[in-house]
Amino acid sequence: MAEHKSGPVETGASMDYPEHDKTYTGFVNGTKYASLAIAALLIAMAAGFFTAAGFISSFILFVILVAVGVVILR
């Protein structure tokens, strides 16, 4: 008959749940802030290419968008 075991599939190793939670939190935060940076970059590039704003103004817009986004996402 089959033995009924509870716990992890691998033998002799216990699960390290705090480390799993720390890794998951790091992944979610990295994804969140990378998405913010990409969205801010796209908006700043659109402002720089399709308007008369220029490079310096679009760079300043990028910095402002990232700063506001970081404050909101905390």
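Reader: Which residues does Ser58 touch, not counting residues up to four places away in sequence?
Author: Ser58 touches Ala44 and Gly48, where contact means heavy atoms within 4.5 Å. This is a predicted model, where local features need pLDDT of at least 70, side-chain atom pairs count only at pLDDT 80 or more, and totals for chains, interfaces and linings use all residues. Residues are numbered from 1 along each chain as its sequence is written, and side-chain values use heavy atoms, with hydrogens and water left out.

Reader: Thanks! Where does Ser58 lie?
Author: In helix 2, residues 54-73; helices are DSSP runs of H or I with at least four residues, numbered from the N terminus.

Reader: And why does Ser58 count as buried?
Author: Because its relative accessibility is 10%, and buried means under 20% relative accessible area with a 1.4 Å probe, protein chains only.

Reader: What lies 3.0 Å from a polar atom of its side chain?
Author: The backbone oxygen of Gly54. The backbone oxygen of Phe55 also lies 2.9 Å from a polar atom of the Ser58 side chain.

Reader: Switching to helix 1: which residues are buried there?
Author: Leu36, Ala40, Ala44, Ala47 and Gly48 are buried in helix 1. Helix 2 is included in what covers the buried residues of helix 1.

Reader: Nice. How many nonpolar, polar and charged residues are in the lining of the largest pocket?
Author: Seven nonpolar, three polar and no charged; here Ala, Val, Leu, Ile, Met, Phe, Trp, Tyr, Cys and Pro count as nonpolar, Asp, Glu, Lys and Arg as charged, and the others, Gly among them, as polar. A pocket is an open set of points on a 1 Å grid over the protein atoms alone, where a 1.4 Å probe fits, with protein on both sides within 12 Å along at least five of seven lines, and lining residues have an atom within 4 Å of a point. Ser58 is one of the lining residues, as are Ala44 and Gly48.

Note on methods
Helices (H or I, at least four residues) and strands (E, at least two) are DSSP runs, numbered from the N terminus. Buried means under 20% relative accessible area, exposed over 50%, partly exposed in between (1.4 Å probe, protein chains only). A polar contact is a pair of N or O atoms within 3.5 Å; within protein, one must be able to donate a hydrogen and the other to accept it, and residues adjacent in sequence count only if both atoms are side-chain atoms.
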